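Morning, everyone. I'll keep this short. Please have a look at the structure first.

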Amino acid sequence: MKELLKKLCDAHGASGYEDNVAEIIKNELSKYSDEVVKDRLGNVIAKKGSGNPVIMIAAHMDEIGFVVKHIDKKGYIWFITIGGFYEPAIFGTRIVIHTEKGNVIGVVGSRPPHLMEEEERKRPIKKKELYIDVGAKNKEDAEALGIKIGDSITFDQEMKFLPNGFVTGKAIDDRAGCVALIELMKHLDEFKGTVYAVATVQEEVGLKGAKVSAFKIKPEVGIVLDTGLAGGCPGIKEQETDAKSGKGPVITYIEAGGRGLIADPLLNKWLIKVAEENNIPVQLEVMDSGMTDGAIMNITGEGIPTTSISIPSKNIHSPVEICNIRDIENAVKLVVYAIKKGVPF
Ligand SMILES: [Zn+2]
C-alpha cells in the first residue's frame, strides 16, 4: 500500500487535468472490480457485486495546482491557482508545467526581500506577485519548451517516508483516500448489494465529479474518503480540532458549520459500532469549515444518506502534507467491516 500511495502522490493531476492519475487508479481498480468505466467528466467508476443496497464510496483524485495564464516578454510564466491555497506558501516551491511536449520544471519566484520597503516586507506575499521561472531567455524560448496558456501546473515534490508510519508529499489530499478506495475494493468479498468505488474529478473546485457520478449511480448510501485537518501540532488549538494524525480515521458529523455535509446519524452510529466491535481506532469531528464530496452527494437526486471518513493530515493544501499510513489502513478496515456487516437501513 505504501508503494501505491507514493505512486499516486507522485503522479500529477490538478483539478480538470486528472488523466494521468485516473489511468493509474483505473488499472488498479480493474484488478478488484467486476467493471470499471470512466464517465464523461473523467470520474473513474468501479462496480462490484449486484442488487441492493447500492453503496457509493467516493475519493477525489484531483489535487490543488495552477494553470498558465500569461507568458511575458522576458519568458516568465504567470498563473492562476486552482483550489484553495495559503498564498504566501506558494513562493519558493518547485513546480512542473505539463506541456504537450512534456514536463517543464520551474520555480515560483517573487521580488527579493532585500529590495522591499519595511511595510512591504511585513505583509504576506500575494499570488498576483508570484511568477514562474523556467530558465527561459524570453517568451519565444518559453514557448519553444512547449509552454502555452492553459497548461496545468502542479508541485514538483516526491513523496518521502518518515518514521512512525508518517509520510510527506504533495496531493496526499486526496490520494490517501484513493489508496483507501482501491484497497477496500481489494478486500471486499462476501457482502450484500453493490459497491461503487468512485475516484472523482474536480473536488477542489466545487465537488463537481461527485455530483454527476452520484446522479448516475443513485446510491442508497454514500461514503466519502477524504483527508481532513490534523491537530496536535503547533498553531492548532485543541478546541479547534481533536483529530490527530496516526490516531485513527475521523468520522465527521458536520462540515462547514452545516453548510457542508451533515452526516446521516444512523450511518455514523453504524460506523462507530463497527469500529468498537473490531477494535478499530476512530476519532470524531465536527467542522466549522471545509467540505468534501459528501456535501454534494447528500443532496443529489432525491437525497442520499451520506457520511464522511477522513484521514487526518498536517500541512494540508501544501507541497509538504503529512499523513499516517496506519490511518489509511484503519479507514479501509472500517469500511470493509461496515459493508460486510450491512448498512443500517
Ligand atoms: Zn480533499
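Start with I311. Leaving out residues up to four places away in sequence, I311 touches A176, G177, T227, P249, C323, D327, I328 and A331. Keep in mind that this is a predicted model.

Where does I311 sit? It belongs to strand 16, residues 306-313. Buried or exposed? I311 has 30 other C-beta atoms within 10 Å, and the cut-off for buried is 20 or more, so I311 is buried. Then look at K244. I311 and K244 are 67 residues apart in sequence, yet their C-alpha atoms are 9.3 Å apart in space.

Next, the cores. The largest nonpolar core holds 73 residues. Which residues have the most contacts inside it? They are I25, I57, A180, L181 and V335. Helix 5, residues 172-187, gives the most to this core, with nine residues. Take I25 from that group. Again setting aside residues up to four places away in sequence, I25 touches V44, M61, C178, I182 and A199.

Now the domains. The chain splits into domain 1, which is 2-63 plus 170-341, and domain 2, which is 65-155. How many residues does each domain bring to the contact? Domain 1 puts in 11 residues, and domain 2 puts in 12 residues. On the domain 1 side, four of the residues touching domain 2 are nonpolar, four are polar and three are charged. Over C-alpha atoms, the centres of domain 1 and domain 2 are 31 Å apart.

Notes. Residues numbered from 1 in each chain as written. Predicted model: local features only at pLDDT ≥ 70, side-chain atom pairs only at ≥ 80, totals over all residues. Domains from an automatic or database assignment. Contact = placed C-beta atoms within 7 Å. Nonpolar A, V, L, I, M, F, W, Y, C, P; charged D, E, K, R; others polar. Helix = DSSP H or I, 4+ residues; strand = E, 2+ residues; numbered from the N terminus. Buried ≥ 20, exposed ≤ 12 C-beta atoms within 10 Å, placed from the backbone. Core = buried A, V, L, I, M, F, W, Y, C linked by C-beta atoms within 7 Å.
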